[in-house]
Amino acid sequence: MDPIRNPYAPGAGTPPPQLTGRDDLRESVRVALARIKLGRPSKSLLMVGLRGVGKTVLLESMRVEAQAAGIRTLSVEAPESRSLPALLAPQLRQSLLQLSNNEKAKDLAHRALRGLAGFAAALKVKYQDIEVGLDLEPEPGLADNGDLEMDLQALLEAAGLAAKEAETALALFVDELQYVEEEELAALIISLHLTAQRRLPVVMVGAGLPQLRARTGRAKSYAERLFDFPEVGPLTAEAARTAIAKPAEEEGVAIDDDALERIVEETHGYPYFLQEWGKHSWDVAAGPSIGTADVERASVVAVGALDEGFFRVRFDRLTTSEKRYLRAMSELGAGPHRSGDIAQALGLKVTSLGPARAQLISKGMIWSPGHGDTAFTVPLFDQFMLRIMPGEDWRR
């Protein structure tokens, strides 16, 4: 069939042709943001889930909807190598400049911009990656102590006052939140707590791997009362079928029921994998429909594409000891697994595996769903490890 008409869109954060199975979550965020804009209390939300479940797509969809509703939005992705102040400062400047165009909020927005200038100057010594244009001179004593916890509180309070005067809200959309350093995460939580206490229209919608819940709890014990933590998992079988069938139907292509079931079975309902199988099933099919034989051929190509892209890019970041740790996990199955069982598979003591496990958690490859348990953050990664490190040589 015509590859140009292929409707499927595998890619990091690439919007799928059909966003299904997430309506309840999108509605809860819409309601929370609308309440904040009206000055009504509502919790911030942190979506948690494995890789490939569509958190990034959801976050961007929610941000676009919020912006369409007249809410000022900041969009940030937190990589491992950047500080939170450096990520927030340019986005906050842009939002404050927009607020300064509102006649009622102009003075308060300018004050917040002066606070941003002091914030950046005072923290530049510690967070040298801060780079932000300064529009006004700092206001002495406003967010310029050089202490992130105190200064971020003052800065978000000033920004919240400007948003309130403009009869809007300030919404922070932060992806990959698990990579934010704990000290910086604590400062952000405290600042959001302050704005909530003062009924200022500042809210965060974040996304991260499952370990984010524990990280926020360690950063500040009251985080569980400040945030809702909706879990984003694989799609239901019905939603997965819709995600595949409807885009094809809109192009005039039918997918046989057995073929559709095979795709759902192969992908386990994970949105990223659904897009890979959909794309390759379309490409191998002669048309005018997609059958089971097409999906079988596509499965071989889809697994190869995942191995060289989605899986391999994560594998290549690992040290030899980290690869062996994950290979031992894979030997035991999909998981989660007890630390003692992993150590036994490696023929080592549990205590000797602490550094490798800690690094794998830091890199976002594994997480701990319970004390002493370890699970993959990447679906189907156990099968990839068996393919890329076959045999018994990995034990040596």
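Which helices each supply at least two residues of the lining of the largest cavity? They are α3 (84-99), α4 (106-123) and α5 (148-165), where helices (H or I, at least four residues) and strands (E, at least two) are DSSP runs numbered from the N terminus. The model is predicted, so local features need pLDDT of at least 70 and side-chain atom pairs count only at pLDDT 80 or more, while totals for chains, interfaces and linings use all residues. Residues are numbered from 1 along each chain as its sequence is written, and side-chain values use heavy atoms, with hydrogens and water left out.

**Cavity and pockets**

On a 1 Å grid over the protein atoms alone, a cavity is a set of points where a 1.4 Å probe fits but cannot get out; a pocket is an open set with protein on both sides within 12 Å along at least five of seven lines, and lining residues have an atom within 4 Å of a point. Grid points are joined across faces, edges and corners, and a volume is the space filled by probe spheres set on the points. One cavity of 30 Å³ or more is counted. Helix α3 gives the most to the lining of the largest cavity, with four residues. Residue classes are nonpolar (Ala, Val, Leu, Ile, Met, Phe, Trp, Tyr, Cys and Pro), charged (Asp, Glu, Lys and Arg) and polar (the others, Gly among them).

| Space | Volume | Lining by class |
|---|---|---|
| Largest cavity | about 60 Å³ | eleven nonpolar, no polar, no charged |
| Largest pocket | about 760 Å³ | 18 nonpolar, eleven polar, ten charged |
| Second largest pocket | about 320 Å³ | five nonpolar, four polar, five charged |

Of the 39 residues lining the largest pocket, Ala 12, Gly 13, Gly 52, Thr 56 and Arg 314 lie nearest its centre. For the second largest pocket, α7 (212-219) and α15 (354-362) each supply at least two lining residues.

**Helix packing**

The axes of α12 (residues 292-315) and α16 (residues 381-388) come within 11 Å and cross at roughly 95 degrees. Axes are lines fitted to C-alpha atoms, for helices over the stretch in contact, and angles run from 0 to 180 degrees between N-to-C directions. Helix α12 is therefore roughly perpendicular to α16 (65 to 115 degrees). The contact of α12 with α16 has seven nonpolar, no polar and four charged residues.

**Sheet**

Three strands form an open antiparallel sheet in the order β8-β10-β9, pairing being assigned if DSSP finds at least two bridges between two strands. The edge strands, β8 (337-338) and β9 (366-367), each pair on one side only. Arg 338 stands opposite Asp 373 in β10.

Technical notes. Angles under 35 degrees count as roughly parallel, over 145 as roughly antiparallel, 65 to 115 as roughly perpendicular and the rest as oblique.
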